[in-house]
Amino acid sequence: MDKYMEMIRIRFLMMLAYRTNYYTGILIYAINIAAYYFLWSAIYGGKQTMQGMSMEQMTIYVAISWMARAFYFNNIDREIAMEIREGQVATELIRPYSYLGMKTMQGLGEGIFRLLFLSLPGLFLVALFLPLRFPTDVHTWMFFILSIAFSFIINSELNLLAGIVTFFTLNNEGLLRAKRFIIDLFSGLILPISFYPDWAQAVMKYFPFQGISYIPSMIVTESFRGQAIIDGLLFQFVWCVLLLIPIRLLWRAAKKQLVVQGG
Amino acid sequence: MFYVSVFFQYMAQYMKTKLQYRADLLVEFVSDLMSQAVNLVFLLVVFGHTSLLHGWTRDEILFIYGFFLVPYAVFGAFFNIWDFNERYIVRGEMDRVLTRPVHSLFQVILERMELESLLGGVTGMIIMVYAGARLHLSLHWYDIFLFILFVLGGALIYAGVFVALATISFWSDARTSIMPMMYNISNYGRYPIDIYHRVIRYILTWILPFAFVGVYPASYFLGKKEWYGYAFLTPIMGVIFFAIAVFLWNAGVKRYRGAGN
C-alpha cells in the first residue's frame, strides 16, 4: 500500500513542479464555463425550467461538471499506449507492483493536484462573475464527494481498458480519440442526460458513461433527491465493479501476447 | 518553386506512409466523424427543447457549424502542431529541422500534415447544403470566391493562434496544457456571437478571434446584414494573425538553443 501512496505523492509533486502551466488552465476553464453559461442562458431564453432544471441549477451544473472533469480526467490511456509503443512497458512489468495499479495511482495524484490547484481556484474565480449559489446542505456535499470518487474510478477503468487494447492493436490513436468523444457526449459533461430524447436515455442506462459526470453534477445541483441519489450512487458502484472484469480478462490476455517493438 | 516541389515530395511520402497503415486511416476518418457528430448531437438535442437561440433558428446555427468545419478542416490538415513541444523541443527534433535549407515552420507543417482531416470539410459542406436548402438561401456567382477567401482567412486565424502558442516552447520547455484547452475555447466561434457577454465577444473578436472562423463569415451567407463588416474582415484578420505568428516563430527560432547535449 505504501508504495502506491508514494506514487500518488510523486505524481502530485511532479505536477506541482509544472504548476505555472495551470494558472492559464484556470483562466481557460473559467472561460469555458462562462461560454457554456451564456450558451445555456440563450437556450433557456427566459424559460423558468427545462427538463426540471432551473437556469440557476444549470449554471451550477455547468460549473461543477467542468471542475469535476479536472479531477477525474487523466491521460493514463495515452500513457499506457505510449509505453507499449516505445517498449518501456517491458521494464515496467518486471517491477514489483501492479502496472495498472501504478497507472491508476498516478492518475489519482494528477487528479488531486488538479482538484486543489485548478478546480478550487477556478470555481472561486467563476463564482466572482457568475450567479453561482451552491447548496448548503452538508449531506449533498458528502454524496457528491462519494459520487466524484466513483467518477474517477469509472473513468480510470475505461482509460485502462482503452490503454490495454493497445497491446493488441499496437497503435490505437483512433480508439482513444473516439473514446474521448463518447465520454464528452454521453457522460453528461456538455449536456445533461435528461435533455436527450427518451429512447436515447433508455439506451444510455446500459452504459457506464453517465456515472462519470451526470450523476455527481445532478447530485450537487440537488436535481437528484432522496431515492434518486441512492440509485445514482448504486449505478456508479455497480459499474466500478463490473468494469473490473473486462480489465482482468484483457490484461491477462495482453500479458500473454505482449510484443515489444524494437530491442 | 523550390518550396512547391518540397511540398509535393512531402505529400508523396505522406501518402505512402498513410497507405501503409490503412486500418489506422479508417479509424481516423471515423473518429473525425464522431467529433463532428458530438457537436451535431448537442445542437439537435438542444433544439428539441427550444426553437430559437437568441433569435437564430436551428438551421442558421447548423449552417454556421457547417461553415466552421471547412476552415477548421483546412487548419487540421496542415497545422497539426498540438505536440510541437514534446515532439520537436523535448526530443530535440528541432535540431534536425534547423539544419535543412527550408524554413523551419514550413518543414514542421509538412512533417505533421494530416490530409485526412480534410474530410471534415466535406461533412461541413454537406451540413451547409442541407441547412442552406432548408433556409432557401440564394447565392451569387461571386459567393464561391468569397467562400474560399473566408475559409482561407479562418484557417489562417486558427493557424496563427496555434502556431503562436507553439512558439511558447522556444521560451519555456515545460509541458504546457494550453493547446488542448485552447481547442475548447476555439469552439465558441461556432455559436452566434451575440449570446455572449461583451467581454467574451471582445475576446473572440480581437484577441482569440475564433468568431471569424465561424459565425462572422457564415452570417454573410445567411444574409445577416448587421455582421457584414466583420465578415469581410475575416481574410484580413487571418493574414494579420498568421503574420504575427510567423514573426514570433522566427524570433523563437533565433532564441532556440536545443535540448540536451
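Tutor: A helix axis here is a line fitted to the C-alpha atoms over the stretch in contact, and the angle between two axes, from 0 to 180 degrees, is taken between their N-to-C directions. The model is predicted. With that in hand, start with the helix packing in chain B.

Helix 8 of chain B covers residues 143–171 and helix 12 of chain B covers residues 228–255; their axes come within 7 Å and cross at roughly 20°. Angles under 35 degrees count as roughly parallel. Helix 8 of chain B and helix 12 of chain B are therefore roughly parallel to each other. The crossing of these two helices of chain B is left-handed. In the contact of helix 8 of chain B with helix 12 of chain B there are 21 nonpolar residues, seven polar and one charged.

A second pair in chain B is formed by helix 3, residues 58–78, and helix 7, residues 119–135, with axes 7 Å apart and an angle of about 160°. The cut-off for roughly antiparallel is an angle over 145 degrees. Because of its angle, helix 3 of chain B is roughly antiparallel to helix 7 of chain B. Helix 3 of chain B also passes helix 7 of chain B in a left-handed crossing. The contact between helix 3 and helix 7 of chain B is made up of 14 nonpolar, seven polar and three charged residues.

The loop between helix 7 and helix 8 of chain B contains Leu139(B). This residue counts as exposed, because it has 11 C-beta neighbours inside 10 Å. Along the chain, 63 residues separate Leu139(B) from Tyr202(B), and their C-alpha atoms are 30 Å apart.

An unreviewed UniProt entry lists residues 25–49, 61–82, 115–133, 145–171, 199–221 and 227–249 of chain B under "transmembrane region". Two of these stretches can be set against the model. Residues 115–133 of chain B are 79% helix and 0% strand, with 29 Å between the end C-alpha atoms. Residues 199–221 of chain B are 70% helix and 0% strand, and there the end C-alpha atoms are 26 Å apart.

Chain B also touches chain A. The contact takes 33 residues from chain B and 28 residues from chain A. On the side of chain A that touches chain B, the elements giving two or more residues are helix 2 (20–44) and helix 8 (173–186) of chain A. Helix 2 of chain A gives the most to that side, with 12 residues. The side of chain A that touches chain B divides into 19 nonpolar, seven polar and two charged residues.

For chain A, the "transmembrane region" stretches in an unreviewed UniProt entry include residues 112–130 and 142–169. The model gives 95% helix and 0% strand over residues 112–130 of chain A, with the end C-alpha atoms 25 Å apart. Over residues 142–169 of chain A, the values are 100% helix, 0% strand and 41 Å between the end C-alpha atoms.

Glu56(A) is in helix 3 (residues 55–72) of chain A. It counts as partly exposed because it has 13 C-beta neighbours inside 10 Å. Leaving aside residues up to four places away in sequence, Glu56(A) touches Pro131(A) and Arg133(A). Glu56(A) and Met14(A) lie 42 residues apart in sequence, with 38 Å between their C-alpha atoms.

Notes: Residues are numbered from 1 along each chain as its sequence is written. Chains are lettered from A and ligands numbered from 1 in the order in which they are written. This is a predicted model: local features need pLDDT of at least 70, side-chain atom pairs count only at pLDDT 80 or more; totals for chains, interfaces and linings use all residues. Helices (H or I, at least four residues) and strands (E, at least two) are DSSP runs, numbered from the N terminus. Angles under 35 degrees count as roughly parallel, over 145 as roughly antiparallel, 65 to 115 as roughly perpendicular and the rest as oblique. A crossing is left-handed if the near helix is turned anticlockwise from the far one by less than a right angle, and right-handed if clockwise. Ala, Val, Leu, Ile, Met, Phe, Trp, Tyr, Cys and Pro count as nonpolar, Asp, Glu, Lys and Arg as charged, and the others, Gly among them, as polar. A residue is buried if 20 or more other C-beta atoms lie within 10 Å of its own, exposed if 12 or fewer, and partly exposed in between; C-beta atoms are placed from the backbone. Two residues are in contact if their C-beta atoms, placed from the backbone, lie within 7 Å. UniProt positions are given in the numbering used here, feature names are shortened, and annotations may be inferred rather than shown by experiment.
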